Amino acid sequence: MKIAIEELAGCSGCTIAVLDLHEMILDVLEKAEIVYSPVIMDVKEPPEGVDVSFVTGCVRNEENKERLEKIRSRSKILVALGTCACYGGISGLSMLSSNEDILNTVYRGVETVSEDGVIPKNVPPFLYRAFAVGDIAKIDYYITGCPPKEQFLRQIIPDLLKGDKTELSKKSVCSECDRKMGVVENWSLKRRHEGEPDREHCLLGQGYLCLGPVTFGRCGASCPKNNIPCHGCSGPSLDILREPCRDLYNMMVRRISDLTDIPEKKIEAELYDVSHTMYPFTIGSLIMEDKENSKIRDLVKERSK
Ligand code: SF4
Ligand code: SF4
Ligand code: SF4
């Protein structure tokens, strides 16, 4: 079996997550040969006839789009690996800046660039927005996570290579979290750096914006278990994804309102920096933008004025 890993607009962390299989990578290599992966080997183009390809990163420029189309046409099975590929991920946040600002930041605004930093002439042009890979190409499987957690890849990858069906939890982060609800009184929204949450009770009930109720699980609720609110790195939970009228923003507002008995309008007035607090991993997804209650359209329009 031949496998390939393609990199689009991302940080390569998803490919490193595959290497995080550690010694299990030897079992994978007994059954499969990695024929293409720009991060781990020096092969410039994917060959024809790949059995299973993984694509990481979102589609942000013309080169990303070409590479996605090429790997799709050369692969029997194409898997979106990681939240950038599945929902645009943090690469999608680039839609909040102008193309000029992005290029200036990358090529002129960093210490390692010479003082007369110039923007190279051969930088691939940006598309008008970021896309999840499924917005552009047919995808056979999605594995979310930023990056996907190694304990799940240990189950998913060998099963995928054997052609077996994998049975994994499809629940939200909350369902993996063992914090108790407790009494909610005098609720007000806190920034992450304010105070120290108690380790026993739900972070949302304590005023910290924890996206656990609207986020797909399979991380073992690792952030709440370490006293950090979930910021949604696995993308939307299945009920958000499937229901057109459910969006991350409106379902979080409703959840907080149910929890606190505070009217939704009042909660909305307390929310801050909605693009980075509610949509940091999904702003680049057309599926999420097209939801009737989505704030993404307005947020992108607002920033590009
Ligand atoms: S999903 Fe996360 S780890 Fe994977 S490429 Fe995107 S930013 Fe990197
Ligand atoms: S909102 Fe956060 S802290 Fe509360 S139960 Fe869900 S994941 Fe745990
Ligand atoms: S708790 Fe949330 S932010 Fe943390 S790893 Fe899980 S999905 Fe990602």
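The shell around ligand 1 is made up of six nonpolar residues, seven polar residues and no charged ones, where Ala, Val, Leu, Ile, Met, Phe, Trp, Tyr, Cys and Pro count as nonpolar, Asp, Glu, Lys and Arg as charged, and the others, Gly among them, as polar. In this predicted model, local features need pLDDT of at least 70 and side-chain atom pairs count only at pLDDT 80 or more, whereas totals for chains, interfaces and linings use all residues. Residues are numbered from 1 along each chain as its sequence is written, while chains are lettered from A and ligands numbered from 1 in the order in which they are written.

Ligand 1 is surrounded by 13 residues, of which Gly 10, Gly 13, Gly 82, Cys 84 and Cys 146 are the closest; a residue is taken as near a molecule or strand if its C-beta atom, placed from the backbone, lies within 6 Å of it. At least two residues of this shell come from each of helix H1 (13-19) and helix H4, helices (H or I, at least four residues) and strands (E, at least two) being DSSP runs numbered from the N terminus.

Around ligand 2 there are likewise 13 residues, and those that come nearest are Cys 174, Cys 177, Cys 202, Cys 210 and Gly 212. The shell of ligand 2 holds 11 nonpolar residues, one polar residue and one charged residue.

The protein chain is divided into domain 1 (2-162) and domain 2 (173-272), with bounds that come from an automatic or database domain assignment. The centres of domain 1 and domain 2, taken over C-alpha atoms, are separated by 29 Å. Contact between the domains involves eight residues of domain 1 and six residues of domain 2, two residues being in contact if their C-beta atoms, placed from the backbone, lie within 7 Å. On the side of domain 1 that touches domain 2, helix H4 (residues 83-87) contributes the largest share, three residues, and the residues of that side divide into four nonpolar, three polar and one charged.

Within the chain, strand E1 (residues 2-7) runs parallel to strand E2 (residues 33-36), to which three bridges join it; two strands pair if DSSP finds at least two bridges between them.

The loop between helix H6 (150-162) and helix H7 (173-176) contains Lys 170. Because Lys 170 has 12 C-beta neighbours inside 10 Å, this residue counts as exposed; a residue is buried if 20 or more other C-beta atoms lie within 10 Å of its own, exposed if 12 or fewer, and partly exposed in between, with C-beta atoms placed from the backbone. Lys 170 lies 7.1 Å from Phe 216, C-alpha to C-alpha, although the two are 46 residues apart in sequence.

Of the 305 residues in the protein chain, 40% are buried.
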